[in-house]
Every structure is written in C-alpha cells, then in structure tokens.
Amino acid sequence: MFADQDYACKLSTAMRFEKDPTLQRILEKMRTPGEDRGHLLLTAHEWKVLQSTGIEHGASLEGTEMWHQAGYPWTIVCMAQWVRSQFSAAHHKATLFLCPAKDYIQNVEPRDLLHVRNELIKFPNMNKTGRLPGIALLHLNMRVRITVTLCPRLAPVDTTGTIVNIELEVADRIRMEQGAARPKKLLQRQPIVLVRLDESDEDIGLGPGIIAVSPMLTPEPFYLDVEVPISDAPEDKPKSLKVKATRLQVPLVIQNASMLYTPQGATADPTLIFHWRFPNSCPGNC
C-alpha cells in the first residue's frame, strides 16, 4: 500500500480528549492490546468519570442542543434529524422550513394514493429513496450535508457546508410574508438553497465557495413495500403493495445527525450523542 509513497507517518499519540487527561487515560487503556490486562484496569476514579456520562447515572442532556446525534438504525437518524434541526433553528433564532418531498407514484390505484404517499414521506431509510429525505428541514446558517453528488469535483456526496440563503418559490414567499411569524413553516414547493462549501473557495458566479442546491429528481425509480388498509374494519388485514416511485427533493440534511459511519475518522464537535436502540419514549415534538 505504501510502495509508491515517499513518506509514511505513524500516529502514536491519541488526540481525542486532549483537554481531559482522565478520559485520555481511559481511551489509552481501552486501545492497548494484549491478553494480560491487569495493569490496564480502570481506577475507581476513572470508572466514576466513565459512568457519569450515562443518563442512568445522572448525566443530563441540558446544553447539548448543538451536539452530534447518531445511531445504527435509520429510524434513529430520522428522529435525530428532526430533533437537531429544531435545536439548530432555535439556536440561530431562525425560521425552520419544512419541505416535503414530491413523490411521483407510478403503479398505485387512485383510491390508495393518499395513504401510499403518506407512507413514502414517513419512510426513514434514505438509501432506498435515492438518498433524498422525505422532509427536508432547512434554516439560514444551518450546517448541512449534501446527500448526493452534485458535482464530482466541487460537491461530491457528503460534502458539508452552511446555508447562506433560501430562495422560496413566489407562492411560498407570498404566504410567508402574509402569515404571522412562526418558528416552523411548511413549504408547498421545494426552494433553491445557497450553500457555502467548507473546503472550497472556487467562485462559480455566486461567491467564493457558494453553490446553488436545487431540488433533484431520482434518476431511477425506487421500490418500497407499503401496507394499505382495505377497509375501516380493524380486523381486516392490510394488503401489501410494492410501490414504484421517483422523488423530487432538495438533497440536504442537517450535518450533526447521521448514521454512525458518517462521522468516522472525524471529531464530532463538540461531542456525540449515540443511541444503541430507539428510545423507549420521546417528547411529543420528536
């Protein structure tokens, strides 16, 4: 692997928790290999510090509104995107825009369209919907991640940046101007979003590092299994449909809510909330 390299560097010093020597010692013990681990046992103080990070030992989520939130299942990621987006909008004192995807359903009878549409919007796994979210949650100054490749050189998949402008469609802009100020607003059409990319100063006509992110249509149809009730009687079993659809949506999600593999190799700033499983209960606004 290193045959064609002039230099190779071996990293030997753990930089995680560099401002907290106790946590750094814990991490060093966890990463030290060997079968005889007697000299690597945690001290009573280290155990206390480690356990204090768990909610069951009195830890609090107060002040964690801008932390990163992740998990293995897509249901957790979908929940985290909603929660983190609301916290982010409140932190920046900005209006949170809710932008539902427009799904073009190709093989469903008219009587089932409304139910199927609602099920597709709620489906959390973006890997099965062309990497486009059911609802895009956006506000000015939000830290976002681009979910598809917009430009292989300038904005490949998972490029991060900051929203600098949200250009609403005329009808939505008029509705926003006429309506009372609310912290959340539902859009009828997807906007065009200007994003300042993190690692680019190239000017393509919008300013250094700024790119316009427009609603995208999935290039290929996706297929999802949806259960549809056949009557109002609860004892009747629903029928299962294999729905074929394409989706139009803005390919943006908040940066600090993702699958666990996404932030690997990076330091979550300021830190990370991780869920092994979906919480037993959530507040009503989750």
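Start by selecting leucine 138: leaving out residues up to four places away in sequence, leucine 138 touches Thr95, Leu96, Phe97, Cys99, Ile163, Ile166, Pro191, Val193 and Leu252, where contact means heavy atoms within 4.5 Å. Before moving on, note that this is a predicted model, in which local features need pLDDT of at least 70 and side-chain atom pairs count only at pLDDT 80 or more, while totals for chains, interfaces and linings use all residues. Residues are numbered from 1 along each chain as its sequence is written, and side-chain values use heavy atoms, with hydrogens and water left out.

**The core around Leu138**

Now widen the selection. Leu138, Ile163, Val193, Val195 and Leu252 have the most contacts inside the largest nonpolar core, which has 28 residues. Such a core is a set of buried Ala, Val, Leu, Ile, Met, Phe, Trp, Tyr and Cys residues joined through side-chain atoms within 4.5 Å. Buried means under 20% relative accessible area, exposed means over 50%, and partly exposed lies in between (1.4 Å probe, protein chains only). At least two core residues each come from α3 (74-92), β2, β4, β5 (143-146), β6 (160-167), β8 (192-197), β9 (210-213) and β13 (252-254). Strand β2 gives the largest share, four residues. Apart from this core lies another, of ten residues, including Ile105, Phe222, Val243 and Ala245.

Helices (H or I, at least four residues) and strands (E, at least two) are DSSP runs, numbered from the N terminus.

**The three-stranded sheet**

Color β4, β2 and β7 next. They form an open, mixed sheet in the order β4-β2-β7; two strands pair if DSSP finds at least two bridges between them. Because β4 (135-138) and β7 (184-186) each have a single partner strand, they stand at the edges, and one side of each is left without a neighbour in the sheet. On average, neighbouring strands here are turned by 20° against each other, direction ignored. Axes are lines fitted to C-alpha atoms, for helices over the stretch in contact, and angles run from 0 to 180 degrees between N-to-C directions. Zoom in on β2 (residues 96-100) and β7: they run parallel, joined by three bridges. Leucine 96 has lysine 184 of β7 as its bridge partner.

**The five-stranded sheet**

Then show the antiparallel open sheet, whose five strands follow the order β9-β8-β6-β5-β13. Here β9 and β13 are the edge strands, each with a single partner, so one side of each has no neighbour in the sheet. Neighbouring strands in this sheet are turned by 45° on average, direction ignored. Three antiparallel bridges link β5 and β6, and arginine 143 has threonine 162 of β6 as its bridge partner.

For a stop in β9, pick alanine 212. Beyond four places in sequence, alanine 212 is in contact with Ile192, Val193, Leu194 and Leu206.

**Two helices to finish**

Select α1 (residues 21-31) and α2 (residues 44-51), which pack at an angle of about 100° with axes 10 Å apart. They are therefore roughly perpendicular, a label for angles of 65 to 115 degrees (under 35 is roughly parallel, over 145 roughly antiparallel, the rest oblique). Show Thr22, Leu23, Arg25, Ile26 and Lys29 of α1 with His45, Glu46, Val49 and Leu50 of α2 to see the contact.
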